[in-house]
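Trainee: Please take one part of this model and go through it closely. I would like the helix packing, and then the charged pairs.

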Amino acid sequence: MGPASKQLYLKNPPVWFFPDGSEMSKKPVSLKMHVVPLICVGAVLASIFIGLYQLSPIAAAILYVLTFIPIAAMYPKIALILILISTPFQNDLSAGGPVRFSLAEINLILTFPVCIAYAVASGGRHPLRLGPVFWPILLYLIICLVSSVENLGNPTTITSYIQMWLFLVLAPLVFSSLVRRFEDLLVSYYALVMVSIFFAVAAMVSEHGYVLGLHKNALGGSLASTVIICAELWFATNRSRTRKWLTLAFAINSIGLIFTLSRGAWLAAVTGLVVICLLRRQYRLMLRFLPVVAIAVAIAWNMVPVDDRTYALDVERGAFNVETRYKNIARAKAYFWENPTLGLGVGIRKDMDATNLFWVTLAESGVIGLAAFGLIYVCLIKMVWSDHKRISTNDPAFSLVVLAAALGLARVAHGMVDHYWVR
């Protein structure tokens, strides 16, 4: 980045970074720098498993909280790592309670007090940040609340609404408020790639995507996200050793993704990779990366049993899973026509197989809710398009911009044929 472009960057920083750009480190990510933090991550995870197997659930929860919060306070980047690497573990840990939650949601909630403590201790120098798309998100949440007023006593409605606040408000707040250096986010992505390799290998060994009690479509969504992250990190690094490691990780996660037989996840991965290609425009690097994609897909497809290949290629209306989706759309349409303006409330996504984001959103919050939801992505795309043109492709911030678009649009693509509101 030349002097002129650097001055422009500091004068007009990306909207979610600090106004003067002074506190953001642009050092390349070095995995060696994070050996101790990753050991801490392992210690926290070990405490969970020991607690679950050796103690009662209540004692395990207390142990985890007493371990997590001090580490998060001393090493905020550890909290970010733990949130991201626990996202593939989508299992419900509520033990039958009225509000369901997963490990990632627990980590997110436990990190929030740390954000508040940092904001208070800084005396206003590091305030809580709500992110650049907060206002359209708030508008959408208000509309959903109005549409759900009559069903607020329904546990599924409460769960859905709370999870929306966690995903759309609390997660951006935590990551925007705790991040002090670019590498704090990038190393979290590297850690997520490491964890996902385990799930990819498990999917290959089991020859299906049902691993650790997870549904294949849920695991497929996680692996699709990791494939996208691997690709962007590969383009972002200029270190030969790191690129070789990411090539291997990309291949393993791609093969695992194929084995899940989740066609929605395949669509999500392709969407994310196309977005990366459009934003980066590094065609020579893409030509070098393309053979890796082709080889990984070819190897995986030949390893998949013949019956599973037939299942994956059967997209005719008569196929059971395809016909089920048509029935789900018909049911969502019926709900929508009961109240086209505001819908019937957000609990619908848990009362039916919500495998089409468009019609389920219409059913839950009507035309007004769909417009507000679409506005969130309009603001996201506008932000990404504006920032990516004035940030050097060699700047670590560029990867965060690209991943915001790639992962966000990939999630929408997946949601058009499968569940969008998942952990």
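Mentor: Take helix α10 (residues 240–259) and helix α11 (residues 263–280), whose axes come within 10 Å and cross at roughly 145°. Helices here are DSSP runs of H or I with at least four residues, strands are runs of E with at least two, and both are numbered from the N terminus. Axes are lines fitted to C-alpha atoms, for helices over the stretch in contact, and angles run from 0 to 180 degrees between N-to-C directions. This is a predicted model, in which local features need pLDDT of at least 70 and side-chain atom pairs count only at pLDDT 80 or more, while totals for chains, interfaces and linings use all residues. Residues are numbered from 1 along each chain as its sequence is written, and side-chain values use heavy atoms, with hydrogens and water left out.

The crossing of α10 past α11 is left-handed; that term applies if the near helix is turned anticlockwise from the far one by less than a right angle, and right-handed applies if clockwise. On the α10 side, Phe250, Leu257 and Ile258 meet Ala265, Trp266, Ala269 and Leu273 of α11, where contact means heavy atoms within 4.5 Å. By class, this contact has seven nonpolar, no polar and no charged residues. Nonpolar covers Ala, Val, Leu, Ile, Met, Phe, Trp, Tyr, Cys and Pro, charged covers Asp, Glu, Lys and Arg, and the others, Gly among them, count as polar.

Helix α9 (residues 216–236) also packs on α11: the two axes come within 8 Å and cross at roughly 20°. α9 and α11 are therefore roughly parallel to each other (angles under 35 degrees; over 145 is roughly antiparallel, 65 to 115 roughly perpendicular and the rest oblique). α9 passes α11 in a right-handed crossing. The α9 residues in this contact include Gly220, Gly221, Ala224 and Glu232, and those of α11 include Ala265, Gly272 and Arg280. The residues of the contact divide into 11 nonpolar, three polar and two charged.

Glu232 and Arg280 join their side chains in a salt bridge, 2.6 Å from N to O. Such a bridge is a side-chain nitrogen of Lys or Arg within 4 Å of a carboxyl oxygen of Asp or Glu. Glu232 lies in α9 and Arg280 in α11, so the pair ties together parts that are 48 residues apart in sequence. Glu232 is buried, at 0% relative accessible area, and Arg280 is buried at 4%; buried means under 20%, exposed over 50% and partly exposed in between (1.4 Å probe, protein chains only).

Gly272, in α11, is buried as well, with a relative accessible area of 0%. Leaving aside neighbours within four places in sequence, Gly272 is in contact with Ile228, Ala406 and Ala410. Gly272 and Val402 are 130 residues apart in sequence, and their C-alpha atoms are 9.4 Å apart in space.

By the salt-bridge rule the count comes to four. One of them joins Asp418 and Arg325, at 3.3 Å from N to O. Asp418 is in the segment after α17 (396–415) and Arg325 in helix α14 (residues 320–338), 93 residues apart. Asp418 counts as buried at 4% relative accessibility, whereas Arg325 is partly exposed at 24%.
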